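Please keep the sequence and the model open while reading.

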Amino acid sequence: MKAVAYQKASPISSTSALIDIEIDAPTAQGHDLLIRVQAVSVNPVDTKIRHNVNPEHNQWKVLGWDAVGVVEAIGEAVTLFKVGDIVWYAGALNRQGSNSELHLVDERIVGHKPKSIDTIEAAALPLTAITAWEMLFDRLKVPTSSPLNTTILVIGGAGGVGSMAIQLLKQLTNLTIISTASRPETAEWVKQLGADFVLDHRQPLAEQITKLGLNAPTYVFSTTQTDQHLPDIAQLIAPQGHFGLIDDPEQLDIKPFKSKSVSIHWEFMFTRSMYQTEDMIKQSELLNQISTLVDAGKIKTTVTQVLSPINAENLKQAHLQIESGSTKGKIVLHGFLILNCQIKDKIWQVSRLPYINNAVVYYSSDQKVQFLQINRMLQHVDTKFAFVFLNQLFLWSELPIVDLTVQLNHLKMQFGLANLQWVRKMTRDHQNYVV
């Protein structure tokens, strides 16, 4: 199977930082699900691991801790999912990541993908949703109802975790939400997500809160550059307040918090999977709760950039952008490239598409495509989607379809040259259907 990996920790500028490779497909056992990955997103943890963690000698390290895909096989102990389920998850840091066509993940940290958004939109959310939820409700113990004008400060509100934290706070609590941002576009972004006030984190924060006439924040959630903001946080936080952080400052002097009896909280969303805690299944439950909120229209995706296909070149681009510190929302990659091909002097990229289990392009010795064959589509795909896909296939390929088998909810249809006109008519009938 295809994957993107590395063998030596290095800066993203290195030619070996991320490489397209072929590795053996894994097998599901125990509580594991075998997922055919459709889309992934990139997080700061990907860049940190790539830069600092060397795999064992001659072994490949596959990154990726956000994924949406279809369950292709299950282990003997699995009880929460079945083959064909569409799922989303962040995975475990001490296992191979999701930047591969097939990926193993424990069912207890997996949720059902929201039905109301597509694969790409969903891939942006799992890791940041888990991190934000666990910090707010498991670590800081933010209540759903607080005294009037109780405030929380989210530092780095425009990033992936900050974007989710603001939405969860707006939908599930009555806190006054203060966020930081440094550019007009990121300030507007956090306001759209639900921030009541926006501070410029390039300027002293305590002074800005005072000028706005706001109460000292009872809660402070720092998502980035905590070491730079620490003196400000100690000054502005309310006595007996709660301070949480998720980044990795080289030094963290918490003595200034003593006189205010401030509690300090770390959040690391991989703790439950890394240590196989008794409450590990809470991440599955949490993801299902987030899915319900998304389907209710209360949480929106935070994807702001999409790259395709999933390969080393595009992942390097995403890593480089995240390391710049200027990312707004999330970067998502989707589809694994099957091959490049040339049709009538045009170069086409054939990728695995959402909902398509196996797409194969056949070509002759002169590298000209002769025909396309789609082996099967997953059973959850409805008939309308199938016809839209067929229509796009005709428009895209400009080639004869010599063998096409579509599996639709136990209805098997075989299409060949003799009935292409019927297929074209059916695709026209459904051309307005949106997927």
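The model is predicted, so local features need pLDDT of at least 70 and side-chain atom pairs count only at pLDDT 80 or more, while totals for chains, interfaces and linings use all residues. Residues are numbered from 1 along each chain as its sequence is written, and side-chain values use heavy atoms, with hydrogens and water left out.

## Overall fold

The protein chain has 12 helices and 22 strands. These elements are DSSP runs numbered from the N terminus, with helices being H or I of at least four residues and strands E of at least two. Of the 435 residues in the chain, 55% are buried; buried means under 20% relative accessible area and exposed over 50%, with partly exposed in between (1.4 Å probe, protein chains only). Among contacts between residues at least 6 apart in sequence, 67% join residues at least 24 apart, where contact means heavy atoms within 4.5 Å.

## Empty spaces

Rolling a probe the size of a water molecule over the atoms shows where empty space is left. On a 1 Å grid over the protein atoms alone, a cavity is a set of points where a 1.4 Å probe fits but cannot get out; a pocket is an open set with protein on both sides within 12 Å along at least five of seven lines; lining residues have an atom within 4 Å of a point. Grid points are joined across faces, edges and corners, and a volume is the space filled by probe spheres set on the points.

The largest pocket has a volume of about 1,400 Å³. Its lining comprises 49 residues, of which Pro-44, Lys-48, Thr-223, Thr-224 and Asp-247 lie nearest the centre. Elements that give two or more residues to this lining include α1 (44-52), α3 (126-139), α4 (160-172) and α7 (226-236). The greatest contribution comes from α1, with 7 residues.

A search of the whole structure finds 2 cavities of 30 Å³ or more. The second largest cavity holds about 30 Å³ of space, and its lining consists of Gly-91, Ala-92, Arg-95, Gln-96, His-103, Leu-104 and Val-105.

The table gives the two linings by class.

## Nonpolar cores

In soluble globular proteins, nonpolar side chains tend to be buried together. A nonpolar core is here a set of buried Ala, Val, Leu, Ile, Met, Phe, Trp, Tyr and Cys residues joined through side-chain atoms within 4.5 Å. The largest such core has 83 residues, and those with the most contacts inside it are Leu-136, Leu-168 and Ile-290. Helix α3 gives the most to this core, with 8 residues. Not counting residues up to four places away in sequence, Ile-290 touches Trp-88, Ala-129, Trp-133 and Leu-168. A second, separate core of 18 residues includes Ile-155, Leu-205, Ala-206 and Ile-233.

In α5 (residues 184-193), the buried residues are Thr-186, Ala-187, Trp-189, Val-190 and Leu-193. Seen down the axis, they fall within an arc of 160 degrees, so they line one face of the helix; the arc is that of the directions from the helix axis to the C-beta atoms. These residues pack against α4, β10, β11 and β15 (303-307). Gly-194 follows α5 and has a positive phi, near 135 degrees.

In α6 (residues 205-212), Leu-205, Ala-206, Gln-208 and Ile-209 are buried. Because they cover an arc of only 165 degrees around the axis, they are on the same side of α6. On the other side, Thr-210 and Lys-211 are exposed. The cover over the buried residues of α6 includes β9 (151-155), β10, β11 (197-200) and α7. Just after α6, Gly-213 takes a positive phi of about 70 degrees.

Ile-166 belongs to helix α4 and is buried, with a relative accessible area of 0%. Beyond four places in sequence, Ile-166 touches residues including Gly-157, Ile-177, Val-190 and Leu-193. Thr-150 lies in the loop between α3 and β9 and counts as buried at 11% relative accessibility. Leaving aside neighbours within four places in sequence, Thr-150 is in contact with Leu-175, Thr-176, Thr-218 and Tyr-219.
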